[in-house]
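Subject: Structure handover

Hello,

Here is the structure for your files. My notes on it follow below.

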Amino acid sequence: SLSFAHDASVVEPRTMSTIPTFDRGLNLKEVYGEQLGDADESRYAKLIAAFTELHGAKPDLLARSPGRVNLIGEHIDYEGYSVLPMAIALDTIVAVRIDASSKKLTVSNTDPKYTTKELDTDPSQAVDTASLHWTNYVMCGYKGVFDFLRESNKPLPSEVGLQIMVDGRVPTGSGLSSSSALTCATAVAVMAARDLSFTKLEVADFTCKCERHCGTQSGGMDQAISIMGQTGVAKLVDFNPVRATDVKLPEGAAFLIGNCLAVSNKAETAHERYNLRVVECRLASIVLAMELGKSQAEALEYSTLSQVQQLVGNLEESEKAAGEKLHEGAYSPDELESILGKSLEALFADSPASLLVLKHNTNGFQLRNRSVHVYSEAARVHKFAAECAANTSLQALGDLMNASHESCRERYECSCKELDELVAAFRSSGAMGSRLTGAGWGGCVVALVQQNMIQEVLAKVKESFYSARFKAGILSESSIGDALFASLPSSGAAIFKLN
């Protein structure tokens, strides 16, 4: 059974600001700790062997970056609010070798269903978002390194060919951030291959920005925890600037993760789901600012609900203001343009992703419910961290998680029937709290249980939720360990140099 290492030693000293680099091969125990298994060691060996067979030489180095589970704080990072995730052991490994004879990026995958693609080394090229090809996230990570150098006025290294092979273990479309694990692992691998060194904060910041080349307007949580995660602790991640504070989880707490098996492909559905919510929050911030006394011109300068909070006071007062001053139901485009004094197309002219939302939107924009969710969820994050610090009852944490899910379902409308069914299955099986985690509309649920209840709850959820999926052929019983498991807070990105 799993137990949290409440006083666990971490992979590197707390003061160390750069990504840990191991110059003497695969120091896997130092990265994976007690979660390291024989399968993990053989996985690295198989990746190196596959790379060598394809390219005729071993990789120069390997970089890994993990997925994450967000314990609480959904859809608020892009509004500037703190979130509370932990890194998980499931990760993506990127093997890379410099190919001085080439001017191409050859990108392959150990899983044959992800086809190989050859890309140009020009970092200024646009990402082919229309293709929805998995290598788009590799290109995002690659571009991010050069974007950061350019923005920092640092010299750019010469373009050189790279052989890249990926091995991913974070389930795609699961809400555990497989896309950010791939983007981050690629960026770290490219950085190390070119003998560049950036701080964790710098990498977390530029990987958030560069993943937006894929078309989703992400807020930064996924990349921050993938880079900065540490064994034994969750992280309270703040933004503008990015920083992460350790959150020690209470004695006796354990977290279970279950995949509802409804796939949530964030990039493919962004214009009608994820990016629509980003647009709704931007519109809510402007309209609410006007309702709070700002002129039309002043209000148009607002872009996030956290900025509007400064006009009101604390989060509870902001939630109340949003509930009172924004009307129920949808705002139509005509109504909004009348309020704003300009067309929505003009307002979002510098954001192709937002313009795509406007093009496809036929149901108007829900401003009140979205903003009430954001303010109430932001408050729950800080209450959760405070309860952890007080080492109070686990039920208090469970209640906050339950309230979070209700808000995600009712106000943010980012749940689905499969997620709701799995959330209910966890609660009826003995979990103290459960909620969707990640963007929603499919993917995973995270549940809080007492450590001595782990096996009992897993068994009950397997029976109540997954047994019907076995019979329907949606999931094989032998694969249950990939869909339902306990997880410990795990370490973030790491580099292993082989040569």
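At what angle do α4 and α5 pack, and how far apart are their axes? The angle is about 120°, and the axes are 10 Å apart. Axes here are lines fitted to C-alpha atoms, for helices over the stretch in contact, and angles run from 0 to 180 degrees between N-to-C directions.

First, the ground rules. This is a predicted model, where local features need pLDDT of at least 70, side-chain atom pairs count only at pLDDT 80 or more, and totals for chains, interfaces and linings use all residues. Residues are numbered from 1 along each chain as its sequence is written, and side-chain values use heavy atoms, with hydrogens and water left out. Helices (H or I, at least four residues) and strands (E, at least two) are DSSP runs, numbered from the N terminus.

**Helix packing**

Back to α4 and α5. They are oblique to each other. (Angles under 35 degrees count as roughly parallel, over 145 as roughly antiparallel, 65 to 115 as roughly perpendicular and the rest as oblique.) Their crossing is right-handed. (A crossing is left-handed if the near helix is turned anticlockwise from the far one by less than a right angle, and right-handed if clockwise.) On the α4 side, the contact is made by Ser179, Ser180, Thr183, Cys184, Ala187, Val188 and Met191. On the α5 side, Val203, Phe206, Thr207, Cys210 and Glu211 take part. Contact means heavy atoms within 4.5 Å. By class, the contact of α4 with α5 has 7 nonpolar, 4 polar and 1 charged residues. (Ala, Val, Leu, Ile, Met, Phe, Trp, Tyr, Cys and Pro count as nonpolar, Asp, Glu, Lys and Arg as charged, and the others, Gly among them, as polar.)

Helix α5 (residues 200–211) also packs with helix α3 (residues 136–151). The angle is about 120°, with the axes 8 Å apart. That makes α3 oblique to α5. This crossing of α3 and α5 is right-handed. α3 contributes Tyr137, Cys140, Gly141, Gly144, Val145, Phe148 and Glu151 to the contact. α5 contributes Glu202, Phe206, Lys209, Cys210 and Glu211. The contact of α3 with α5 counts 6 nonpolar, 2 polar and 4 charged residues.

Helix α10 (residues 315–325) and helix α14 (residues 368–390) pack at about 165°, axes 9 Å apart. That makes α10 roughly antiparallel to α14. Their crossing is left-handed. Residues in α10 that meet α14 include Leu315, Glu316 and Ala322. Among their partners in α14 are Arg368, Tyr375 and Lys383. This contact of α10 with α14 has 6 nonpolar, 4 polar and 4 charged residues.

Glu316 sits in α10. At 41% relative accessibility, Glu316 counts as partly exposed. (Buried means under 20% relative accessible area, exposed over 50%, partly exposed in between, with a 1.4 Å probe and protein chains only.) Leaving aside neighbours within four places in sequence, Glu316 contacts Ala379 and Lys383.

**An enclosed helix and a buried glycine**

Helix α6 (residues 221–228) has 8 of its 8 residues buried, so it is largely enclosed by the rest of the structure. Those buried residues pack against β2, β3, α4 (178–193), α5, β7 (234–238) and β8 (243–247).

Gly73 is in the loop between β2 (61–72) and β3 (84–99). Gly73 is buried, at 2% relative accessible area. Gly73 and Ala378 lie 305 residues apart in sequence but 6.3 Å apart in space, C-alpha to C-alpha. Beyond four places in sequence, Gly73 is in contact with Val83, Glu377, Val381 and Arg435.

**Cysteines**

How many disulfides does the structure hold? It holds 0. (A disulfide is a pair of cysteine sulfur atoms within 2.5 Å.) For Cys414, the closest cysteine sulfur is in Cys408, 4.2 Å away and too far for a bond. Cys414 is buried, at 0% relative accessible area. Cys208 is buried too, at 7%.

**Backbone points to check**

Most residues other than glycine have a negative phi, and most peptide bonds are trans. The Asn240 to Pro241 peptide bond is cis, with omega near 5°. Pro241 lies in the loop between β7 and β8. Leu132 has a positive phi, near 55°. Leu132 is in the loop between β5 (117–120) and α3, and is partly exposed at 47%. Trp441 has a positive phi of about 60°. Trp441 lies in the loop between β12 (433–437) and β13 (444–450), and is buried at 10%.

Best wishes
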